[in-house]
Amino acid sequence: MDRFCPKCGAKGKNFIKNLCEKCFWEEKVSHIPNNLRVYLCRSCLSYLQGKRWIRIKKKDPSLAAIEGAIKEFQRNTKIPNDTKILKIECNTAEWNKSGLPKKMILDITFASEGASTSLKREASVEYATCNFCQSVADGKYEALVQIRGDEGQLSEEKRKTLESSIDKFYRTALKDRSDITEIKEKDGGIDIKFLTSSKARLFAKKLSEIMGADLKESAKLVGADRMTGKRHYRITISVKLPALEPGDIVSFKDRIFKVLGHHRGKLILEDMEDHKRRSIPQNVISDVAKIDKADIKRVTIGTRSQNSITILDLEEKRFLELPAEKISNELKEGDEGLLINLNGKEKVVRRQ
Ligand SMILES: [Zn+2]
Ligand SMILES: [Zn+2]
(Lines give C-alpha, C1' and ligand atoms only; values in the text may rest on other atoms or scores of the structure.)
(Ligands and ions follow the chains in the order given, each with its own letter.)
Protein backbone atom coordinates (compact mmCIF):
# COMPACT_ATOMS: atom_id res chain seq x y z
CA MET A 1 0.00 0.00 0.00
CA ASP A 2 1.15 3.48 -0.84
CA ARG A 3 2.26 5.65 2.06
CA PHE A 4 -0.25 8.40 2.76
CA CYS A 5 -0.26 11.53 4.88
CA PRO A 6 -2.33 10.99 8.04
CA LYS A 7 -3.32 14.63 8.00
CA CYS A 8 -4.42 15.32 4.48
CA GLY A 9 -4.49 11.84 2.98
CA ALA A 10 -2.14 12.74 0.13
CA LYS A 11 -0.26 9.89 -1.48
CA GLY A 12 2.93 9.69 -3.50
CA LYS A 13 4.50 12.73 -1.90
CA ASN A 14 7.79 13.43 -0.17
CA PHE A 15 7.46 12.69 3.50
CA ILE A 16 9.24 14.39 6.37
CA LYS A 17 8.82 12.48 9.59
CA ASN A 18 5.28 11.12 9.20
CA LEU A 19 3.73 13.95 7.31
CA CYS A 20 3.73 15.00 3.72
CA GLU A 21 6.01 17.92 3.05
CA LYS A 22 3.13 20.38 2.86
CA CYS A 23 1.56 19.32 6.13
CA PHE A 24 4.92 19.12 7.88
CA TRP A 25 5.76 22.76 7.10
CA GLU A 26 2.24 23.86 7.80
CA GLU A 27 2.66 22.59 11.35
CA LYS A 28 5.97 24.29 11.79
CA VAL A 29 5.48 27.69 10.22
CA SER A 30 1.91 28.40 9.15
CA HIS A 31 1.15 30.19 12.41
CA ILE A 32 3.71 32.87 11.62
CA PRO A 33 1.76 36.11 11.33
CA ASN A 34 1.37 37.95 8.08
CA ASN A 35 0.75 41.67 7.73
CA LEU A 36 3.29 42.85 10.22
CA ARG A 37 3.40 46.53 10.91
CA VAL A 38 6.59 48.56 10.95
CA TYR A 39 6.61 52.07 12.39
CA LEU A 40 9.21 54.52 11.13
CA CYS A 41 9.83 58.01 12.44
CA ARG A 42 9.20 60.35 9.54
CA SER A 43 11.96 62.72 10.55
CA CYS A 44 14.83 60.55 11.82
CA LEU A 45 13.82 57.15 10.36
CA SER A 46 14.11 55.33 13.69
CA TYR A 47 11.92 52.26 13.84
CA LEU A 48 9.75 51.13 16.69
CA GLN A 49 10.49 47.87 18.44
CA GLY A 50 7.98 47.16 21.14
CA LYS A 51 8.02 50.43 23.03
CA ARG A 52 11.49 51.56 22.04
CA TRP A 53 12.56 53.59 19.08
CA ILE A 54 15.72 52.24 17.53
CA ARG A 55 18.04 54.64 15.75
CA ILE A 56 19.58 53.56 12.50
CA LYS A 57 23.09 54.42 11.40
CA LYS A 58 22.52 55.12 7.75
CA LYS A 59 19.64 57.46 7.08
CA ASP A 60 18.15 55.52 4.20
CA PRO A 61 14.36 54.93 4.30
CA SER A 62 14.57 51.56 2.53
CA LEU A 63 17.28 50.29 4.85
CA ALA A 64 15.35 51.53 7.87
CA ALA A 65 12.18 49.78 6.69
CA ILE A 66 14.11 46.57 5.98
CA GLU A 67 15.79 46.56 9.38
CA GLY A 68 12.51 47.43 11.08
CA ALA A 69 10.58 44.71 9.24
CA ILE A 70 13.17 42.02 9.98
CA LYS A 71 13.34 42.97 13.68
CA GLU A 72 9.55 43.07 13.90
CA PHE A 73 9.35 39.66 12.25
CA GLN A 74 11.89 38.20 14.67
CA ARG A 75 10.10 39.72 17.63
CA ASN A 76 6.72 38.32 16.63
CA THR A 77 7.80 34.91 15.47
CA LYS A 78 7.90 31.85 17.68
CA ILE A 79 9.00 28.72 15.89
CA PRO A 80 9.45 25.20 17.25
CA ASN A 81 12.86 24.38 18.73
CA ASP A 82 13.70 21.91 15.97
CA THR A 83 13.19 24.58 13.32
CA LYS A 84 15.70 27.23 12.42
CA ILE A 85 15.64 30.38 10.35
CA LEU A 86 18.36 30.04 7.73
CA LYS A 87 17.91 33.31 5.98
CA ILE A 88 15.69 36.37 5.90
CA GLU A 89 15.54 38.55 2.83
CA CYS A 90 13.52 41.71 2.72
CA ASN A 91 12.63 44.03 -0.11
CA THR A 92 10.49 47.06 -0.61
CA ALA A 93 7.46 46.04 -2.66
CA GLU A 94 5.54 49.32 -2.72
CA TRP A 95 6.33 52.97 -2.20
CA ASN A 96 3.97 55.71 -1.08
CA LYS A 97 3.41 59.04 -2.84
CA SER A 98 6.37 60.64 -1.10
CA GLY A 99 8.64 57.90 -2.38
CA LEU A 100 8.97 56.21 1.00
CA PRO A 101 8.60 52.45 1.54
CA LYS A 102 4.97 51.39 2.07
CA LYS A 103 4.98 47.64 1.81
CA MET A 104 7.81 45.20 2.46
CA ILE A 105 8.08 41.55 1.46
CA LEU A 106 10.00 39.22 3.70
CA ASP A 107 11.31 36.00 2.23
CA ILE A 108 12.26 33.63 5.01
CA THR A 109 14.01 30.28 4.65
CA PHE A 110 13.45 27.69 7.37
CA ALA A 111 15.22 24.40 8.00
CA SER A 112 14.04 21.43 9.99
CA GLU A 113 14.71 17.68 9.90
CA GLY A 114 17.21 18.15 7.08
CA ALA A 115 14.63 19.80 4.84
CA SER A 116 14.07 23.43 4.08
CA THR A 117 11.29 25.65 2.87
CA SER A 118 10.71 29.29 2.27
CA LEU A 119 7.84 31.50 3.19
CA LYS A 120 6.79 35.00 2.22
CA ARG A 121 5.33 37.51 4.62
CA GLU A 122 4.23 41.09 4.19
CA ALA A 123 4.89 44.06 6.37
CA SER A 124 3.24 47.43 5.97
CA VAL A 125 5.14 50.55 6.88
CA GLU A 126 3.49 53.31 8.90
CA TYR A 127 4.96 56.72 9.65
CA ALA A 128 4.93 58.44 13.02
CA THR A 129 7.10 60.77 15.10
CA CYS A 130 9.46 59.16 17.59
CA ASN A 131 9.72 60.34 21.21
CA PHE A 132 13.01 62.05 20.54
CA CYS A 133 11.85 64.01 17.51
CA GLN A 134 8.65 64.89 19.37
CA SER A 135 10.64 66.21 22.33
CA VAL A 136 12.84 68.24 20.03
CA ALA A 137 9.75 69.65 18.34
CA ASP A 138 8.26 70.53 21.74
CA GLY A 139 11.52 72.15 22.84
CA LYS A 140 11.92 69.75 25.77
CA TYR A 141 15.22 69.09 27.47
CA GLU A 142 16.38 67.89 30.86
CA ALA A 143 19.83 69.36 30.92
CA LEU A 144 21.77 72.27 29.54
CA VAL A 145 25.53 72.18 29.22
CA GLN A 146 27.05 75.65 29.05
CA ILE A 147 30.61 75.78 27.82
CA ARG A 148 32.40 79.00 28.64
CA GLY A 149 35.94 80.30 28.71
CA ASP A 150 37.88 81.18 31.82
CA GLU A 151 36.65 84.75 31.69
CA GLY A 152 33.21 84.01 30.29
CA GLN A 153 33.65 84.41 26.57
CA LEU A 154 35.52 81.87 24.53
CA SER A 155 37.98 83.22 22.05
CA GLU A 156 36.90 82.88 18.44
CA GLU A 157 39.76 80.44 17.92
CA LYS A 158 38.88 78.35 20.94
CA ARG A 159 35.25 78.16 19.95
CA LYS A 160 36.19 76.96 16.51
CA THR A 161 38.48 74.23 17.81
CA LEU A 162 35.84 73.26 20.31
CA GLU A 163 33.08 73.08 17.75
CA SER A 164 35.17 70.90 15.51
CA SER A 165 36.06 68.59 18.38
CA ILE A 166 32.53 68.34 19.76
CA ASP A 167 31.85 65.64 17.22
CA LYS A 168 34.73 63.65 18.65
CA PHE A 169 33.30 64.09 22.13
CA TYR A 170 29.97 62.68 21.00
CA ARG A 171 31.64 59.65 19.67
CA THR A 172 33.76 59.01 22.76
CA ALA A 173 31.32 60.07 25.44
CA LEU A 174 27.94 59.34 23.97
CA LYS A 175 28.64 56.96 21.09
CA ASP A 176 26.25 59.03 19.02
CA ARG A 177 24.63 62.42 19.35
CA SER A 178 21.10 61.11 19.62
CA ASP A 179 20.54 62.78 22.98
CA ILE A 180 21.43 66.27 21.90
CA THR A 181 18.50 68.40 20.83
CA GLU A 182 20.22 71.71 20.20
CA ILE A 183 23.67 73.27 19.94
CA LYS A 184 24.01 77.01 19.77
CA GLU A 185 26.39 79.86 20.33
CA LYS A 186 25.41 81.80 23.43
CA ASP A 187 27.10 84.72 25.21
CA GLY A 188 30.36 83.97 23.47
CA GLY A 189 30.25 80.32 24.53
CA ILE A 190 28.41 77.20 23.44
CA ASP A 191 25.12 75.90 24.87
CA ILE A 192 24.12 72.29 24.32
CA LYS A 193 20.70 70.94 25.25
CA PHE A 194 20.40 67.30 26.26
CA LEU A 195 17.23 65.28 26.44
CA THR A 196 18.47 63.40 29.51
CA SER A 197 20.63 64.59 32.39
CA SER A 198 22.60 61.33 32.49
CA LYS A 199 23.98 61.88 28.98
CA ALA A 200 24.68 65.53 29.75
CA ARG A 201 26.71 64.57 32.82
CA LEU A 202 28.65 61.96 30.87
CA PHE A 203 29.42 64.47 28.16
CA ALA A 204 30.53 67.16 30.62
CA LYS A 205 32.72 64.68 32.49
CA LYS A 206 34.45 63.65 29.30
CA LEU A 207 34.96 67.27 28.31
CA SER A 208 36.49 67.96 31.69
CA GLU A 209 38.88 65.01 31.34
CA ILE A 210 40.02 66.00 27.87
CA MET A 211 40.17 69.77 28.26
CA GLY A 212 40.74 70.14 31.99
CA ALA A 213 37.48 72.01 32.40
CA ASP A 214 35.84 72.87 35.71
CA LEU A 215 32.28 71.58 36.22
CA LYS A 216 29.46 73.02 38.27
CA GLU A 217 25.98 71.62 38.36
CA SER A 218 22.80 73.30 39.44
CA ALA A 219 19.17 72.19 39.35
CA LYS A 220 15.99 74.14 38.92
CA LEU A 221 12.49 72.93 39.63
CA VAL A 222 10.48 73.24 36.44
CA GLY A 223 7.24 71.65 37.55
CA ALA A 224 5.57 68.68 39.14
CA ASP A 225 3.37 65.95 37.82
CA ARG A 226 -0.21 66.61 38.97
CA MET A 227 -1.04 62.93 39.16
CA THR A 228 2.06 61.53 40.83
CA GLY A 229 3.43 64.63 42.52
CA LYS A 230 6.82 63.77 41.07
CA ARG A 231 8.96 66.88 40.73
CA HIS A 232 10.71 67.69 37.49
CA TYR A 233 14.07 69.36 37.54
CA ARG A 234 16.16 70.82 34.80
CA ILE A 235 19.86 70.80 35.41
CA THR A 236 22.48 73.19 34.13
CA ILE A 237 26.10 72.09 33.98
CA SER A 238 28.56 74.95 33.65
CA VAL A 239 31.73 73.83 31.97
CA LYS A 240 34.48 76.36 32.48
CA LEU A 241 37.39 75.77 30.18
CA PRO A 242 40.78 76.34 31.73
CA ALA A 243 42.69 79.56 31.25
CA LEU A 244 45.78 77.64 30.16
CA GLU A 245 46.02 76.45 26.60
CA PRO A 246 48.62 74.37 24.77
CA GLY A 247 51.58 76.57 23.87
CA ASP A 248 51.18 78.92 26.83
CA ILE A 249 54.34 79.66 28.77
CA VAL A 250 53.84 79.29 32.51
CA SER A 251 55.75 79.21 35.76
CA PHE A 252 55.44 76.54 38.38
CA LYS A 253 57.66 76.36 41.47
CA ASP A 254 60.08 78.93 40.02
CA ARG A 255 60.65 77.02 36.83
CA ILE A 256 59.49 77.80 33.32
CA PHE A 257 57.24 75.39 31.47
CA LYS A 258 55.30 75.18 28.27
CA VAL A 259 51.73 73.87 28.40
CA LEU A 260 51.32 70.74 26.27
CA GLY A 261 47.68 70.09 27.07
CA HIS A 262 45.33 68.31 29.43
CA HIS A 263 44.99 64.63 30.04
CA ARG A 264 42.45 63.02 32.35
CA GLY A 265 42.02 66.16 34.35
CA LYS A 266 45.77 66.75 34.71
CA LEU A 267 47.73 69.55 33.16
CA ILE A 268 50.71 68.36 31.11
CA LEU A 269 53.73 70.65 31.13
CA GLU A 270 57.15 70.51 29.53
CA ASP A 271 60.08 72.02 31.38
CA MET A 272 61.63 74.53 28.97
CA GLU A 273 65.14 73.87 30.24
CA ASP A 274 65.48 70.12 30.70
CA HIS A 275 62.47 69.26 28.48
CA LYS A 276 61.11 66.80 31.03
CA ARG A 277 57.37 66.38 31.20
CA ARG A 278 55.33 66.84 34.31
CA SER A 279 51.69 66.20 34.89
CA ILE A 280 50.11 68.54 37.38
CA PRO A 281 47.14 67.23 39.34
CA GLN A 282 43.95 69.25 39.60
CA ASN A 283 44.53 70.37 43.18
CA VAL A 284 47.77 72.22 42.40
CA ILE A 285 46.88 73.56 38.97
CA SER A 286 46.14 76.89 40.66
CA ASP A 287 49.89 77.17 41.43
CA VAL A 288 50.62 77.25 37.72
CA ALA A 289 50.73 80.84 36.54
CA LYS A 290 50.73 82.11 33.01
CA ILE A 291 53.69 84.37 32.33
CA ASP A 292 52.64 87.75 31.04
CA LYS A 293 53.50 88.40 27.39
CA ALA A 294 55.26 91.61 28.45
CA ASP A 295 57.71 89.49 30.45
CA ILE A 296 58.72 87.38 27.44
CA LYS A 297 61.11 88.72 24.80
CA ARG A 298 62.46 87.05 21.70
CA VAL A 299 66.24 87.17 21.59
CA THR A 300 69.20 85.84 19.62
CA ILE A 301 72.21 84.42 21.41
CA GLY A 302 75.41 86.26 20.66
CA THR A 303 79.02 85.72 21.68
CA ARG A 304 80.21 84.36 24.97
CA SER A 305 82.94 86.19 26.85
CA GLN A 306 84.24 84.79 30.12
CA ASN A 307 81.21 84.61 32.41
CA SER A 308 78.73 86.55 30.35
CA ILE A 309 76.90 86.23 27.10
CA THR A 310 75.71 88.97 24.77
CA ILE A 311 72.17 88.62 23.52
CA LEU A 312 70.19 90.64 21.02
CA ASP A 313 66.68 91.67 21.97
CA LEU A 314 64.87 91.15 18.66
CA GLU A 315 61.92 93.36 19.53
CA GLU A 316 63.72 96.37 20.83
CA LYS A 317 66.81 95.78 18.69
CA ARG A 318 69.29 96.24 21.49
CA PHE A 319 72.12 94.23 22.93
CA LEU A 320 72.14 92.96 26.48
CA GLU A 321 74.88 91.39 28.52
CA LEU A 322 73.74 88.57 30.79
CA PRO A 323 75.62 86.30 33.20
CA ALA A 324 76.16 82.87 31.58
CA GLU A 325 74.19 80.99 34.24
CA LYS A 326 71.03 82.85 33.18
CA ILE A 327 71.21 81.24 29.76
CA SER A 328 70.11 77.68 29.24
CA ASN A 329 73.13 75.46 28.45
CA GLU A 330 71.59 74.07 25.29
CA LEU A 331 71.64 77.47 23.59
CA LYS A 332 74.53 78.16 21.21
CA GLU A 333 75.60 81.28 19.38
CA GLY A 334 73.03 82.19 16.72
CA ASP A 335 70.16 80.29 18.37
CA GLU A 336 66.87 81.96 19.03
CA GLY A 337 65.68 82.08 22.59
CA LEU A 338 63.15 83.65 24.88
CA LEU A 339 64.26 86.01 27.59
CA ILE A 340 61.77 85.51 30.38
CA ASN A 341 61.42 87.67 33.41
CA LEU A 342 60.19 85.39 36.17
CA ASN A 343 59.42 87.41 39.31
CA GLY A 344 62.35 89.73 38.69
CA LYS A 345 64.79 86.94 37.77
CA GLU A 346 65.83 86.65 34.14
CA LYS A 347 66.29 83.42 32.24
CA VAL A 348 66.90 82.67 28.60
CA VAL A 349 65.41 79.40 27.28
CA ARG A 350 65.18 77.91 23.86
CA ARG A 351 62.30 79.11 21.72
CA GLN A 352 60.32 76.11 20.56
ZN1 LIG B 1 -0.35 16.13 4.20
ZN1 LIG C 1 12.62 60.57 15.15
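Which residues of helix α1 (residues 21-29) are buried? They are Cys23, Phe24, Trp25, Lys28 and Val29. Buried here means under 20% relative accessible area, exposed means over 50%, and partly exposed lies in between, with a 1.4 Å probe and protein chains only. Helices (H or I, at least four residues) and strands (E, at least two) are DSSP runs, numbered from the N terminus. The cover over the buried residues of α1 includes β1 (15-16), β2 (19-20), β6 (83-95), β7 and β8 (115-128); contact, on which this cover rests, means heavy atoms within 4.5 Å.

The model is predicted, with local features needing pLDDT of at least 70 and side-chain atom pairs counting only at pLDDT 80 or more, while totals for chains, interfaces and linings use all residues. Residues are numbered from 1 along each chain as its sequence is written, chains are lettered from A and ligands numbered from 1 in the order in which they are written, and side-chain values use heavy atoms, with hydrogens and water left out.

The protein is divided into domain 1 (31-132), domain 2 (139-240) and domain 3 (249-350). These bounds come from an automatic or database domain assignment. Taken over C-alpha atoms, the centres of domain 1 and domain 3 are separated by 66 Å.

Two zinc sites come next. The zinc ion (ligand 1) has Cys5 (SG), Cys8 (SG), Cys20 (SG) and Cys23 (SG) as its protein donors, at 2.2 to 2.3 Å. Donors are N, O and S atoms within 2.8 Å of the metal (3.2 Å for Na, K and Ca); water is not among the atoms, so sites may look incomplete. Along the chain, the donors of this zinc ion (ligand 1) have the spacing C-x2-C-x11-C-x2-C. The 4 donor atoms make angles of 106 to 116°, and the site of the zinc ion (ligand 1) is tetrahedral. Four donors count as tetrahedral if all angles lie between 85 and 135 degrees; four count as square planar and six as octahedral if opposite donors are over 155 degrees apart and all others between 65 and 115, and anything else is irregular. Cys5 is buried because its relative accessible area is 1%. Cys20 and Cys23 are buried as well, and Cys23 is also one of the buried residues of α1.

The zinc ion (ligand 2) is coordinated by Cys41 (SG), Cys44 (SG), Cys130 (SG) and Cys133 (SG), at 2.2 to 2.3 Å. The spacing of its donors along the chain is C-x2-C-x85-C-x2-C. The arrangement around the zinc ion (ligand 2) is tetrahedral because its 4 donor atoms subtend angles of 106 to 112°. Cys41 has a relative accessible area of 0% and is therefore buried; Cys44, at 7%, also counts as buried. The structure holds 0 disulfides, a disulfide being a pair of cysteine sulfur atoms within 2.5 Å.

Leu45 is not a glycine, yet has a positive phi of about 65°. Its relative accessibility is 10%, so Leu45 counts as buried. Another positive phi, near 45°, belongs to Asp187, also a residue other than glycine. Asp187 sits in the loop between β10 (180-186) and β11 (189-194), and counts as exposed because its relative accessibility is 54%.

Strand β7 (residues 101-112) contains Thr109, and Leu106 is also placed in β7. Leu106 is buried, with a relative accessible area of 0%. Leaving out residues up to four places away in sequence, Leu106 touches a set of residues including Leu36, Phe73, Ile88, Cys90, Leu119 and Lys120. Lys120 is 14 residues from Leu106 in sequence, and their C-alpha atoms are 5.5 Å apart. Thr109 is buried too, with a relative accessible area of 18%. With the residues up to four places away in sequence not counted, Thr109 touches Lys84, Ile85, Leu86, Lys87, Thr117 and Ser118.

The last stop is Asp313, in strand β20 (residues 308-313). Asp313 is buried, since its relative accessible area is 0%. Its side chain reaches the backbone nitrogen of Glu316 at 3.0 Å. A polar contact is a pair of N or O atoms within 3.5 Å; within protein, one must be able to donate a hydrogen and the other to accept it, and residues adjacent in sequence count only if both atoms are side-chain atoms. Apart from neighbours within four places in sequence, Asp313 is in contact with Lys297, Arg298, Val299 and Arg318. The C-alpha atoms of Asp313 and Thr300 are separated by 6.8 Å, with the two residues 13 apart along the chain.
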